[in-house]
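Subject: Structure handover

Dear colleague,

Please find the structure below, with its sequence. My notes come after it.

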Amino acid sequence: MLGLDEQNQPGELEPVQRKSTAAIVADQLRSAIMYGSLAPGSQMGEAELASRLGVSRGPLREAMQRLVAEGLLRSEPHRGLFVTSLDADDVRDIYLARLAVERAACEQIVRHHRVEAVAELTAAQSRMVAAVSKSDPIELADADQEFHETLVRVSGSPRLQRMAQTLLVEKRMCLTALQDKYHTDAQALLDEHRGIVDAIEDGDEQVLLERLRAHMNDALERLNGSMAH
């Protein structure tokens, strides 16, 4: 049995990842849902989507079933598939799950991947700084999402990555739906992410987990406040 601390050695050959047509279509549909091109509650018309994507209905159906399994689409008997809508209870549940996933990722990072994590997360946080300097909220949201995707990825756990993928899309769905109401203190956001990187660099697991929890709680409060308006 492999231990949690056993990693691939540098230079070791790994299988090349080739995506199927259905996987590529699923990625495009996730992106469209995340950015609001496919709005919450909208029906997924097979013929129109197949035409727009330039694919046959087989891969499209397979892709949509993947998104049903992920919870991004819902199936209604005799009506078809619809983009999931999220309410305040869903938002709380998303952040409950995100905290669990990212907490587990942080534990693995501090114990096994600190150097790699600091390098990659510092670069991701720098992209957030650049977005703030341009006053570009969409670019900031993209960079914020990239930071958290990176955080989970460098943990080395494919299963945490799979769980995080759907949760981050759902979070982004909320931000897109509330883009005219959602406001955040950009400097505070930068400071929170920098604090997470600093705690990893220091190897202080307790401080890291405390900062992660505070960051998630702050984000949840901002979203709930926006939804209440």
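Predicted model: local features only at pLDDT ≥ 70, side-chain atom pairs only at ≥ 80, totals over all residues.

Residues are numbered from 1 along each chain as its sequence is written, and side-chain values use heavy atoms, with hydrogens and water left out.

Overall fold

The chain has nine helices and two strands; helices (H or I, at least four residues) and strands (E, at least two) are DSSP runs, numbered from the N terminus. In sequence order the pattern reads α-α-α-β-β-α-α-α-α-α-α. Of the 229 residues in the chain, 39% are buried, where buried means under 20% relative accessible area, exposed over 50% and partly exposed in between (1.4 Å probe, protein chains only). Taking contacts between residues at least 6 apart in sequence, 73% join residues at least 24 apart; a contact means heavy atoms within 4.5 Å.

After α1 comes G36, with a positive phi near 90°.

Buried residues in α1 are A22, A23, V25, A26, L29, R30, A32, I33 and M34. They pack against the helices α2 (46-53), α3 (57-70), α6 (137-153) and α7 (158-177), and against the strands β1 (73-76) and β2 (80-83).

The axes of α1 and α3 lie 8 Å apart at an angle of about 55°, which makes α1 oblique to α3. Axes here are lines fitted to C-alpha atoms, for helices over the stretch in contact, and angles run from 0 to 180 degrees between N-to-C directions. Angles under 35 degrees count as roughly parallel, over 145 as roughly antiparallel, 65 to 115 as roughly perpendicular and the rest as oblique. The crossing of α1 past α3 is right-handed, that is, the near helix is turned clockwise from the far one by less than a right angle, anticlockwise being left-handed.

On the α1 side the contact uses T21, A22, A23, V25, A26, L29, R30 and I33, and on the α3 side P59, L60, E62, A63, M64, R66, L67 and E70. By class, the contact of α1 with α3 has eleven nonpolar residues, one polar and four charged. Ala, Val, Leu, Ile, Met, Phe, Trp, Tyr, Cys and Pro count as nonpolar, Asp, Glu, Lys and Arg as charged, and the others, Gly among them, as polar.

R30, in helix α1, is buried at a relative accessible area of 9%. Not counting residues up to four places away in sequence, R30 touches L67, E70, L72, Q165 and V169.

Helices α5 and α8

The axes of α5 (residues 114-133) and α8 (residues 186-202) come within 9 Å and cross at roughly 170°, so α5 is roughly antiparallel to α8. In α5, R114, A117, V118, L121, T122, Q125, M128, V129 and V132 meet A186, L189, L190, H193, R194, V197, I200, E201 and D202 in α8. The residues of this contact of α5 with α8 divide into eleven nonpolar, three polar and four charged.

L121 belongs to α5 and is buried, with a relative accessible area of 0%. Leaving aside neighbours within four places in sequence, L121 is in contact with F147, T150, L151, V197 and I200. The C-alpha atoms of L121 and E149 are separated by 9.8 Å, at 28 residues apart along the chain.

Regards
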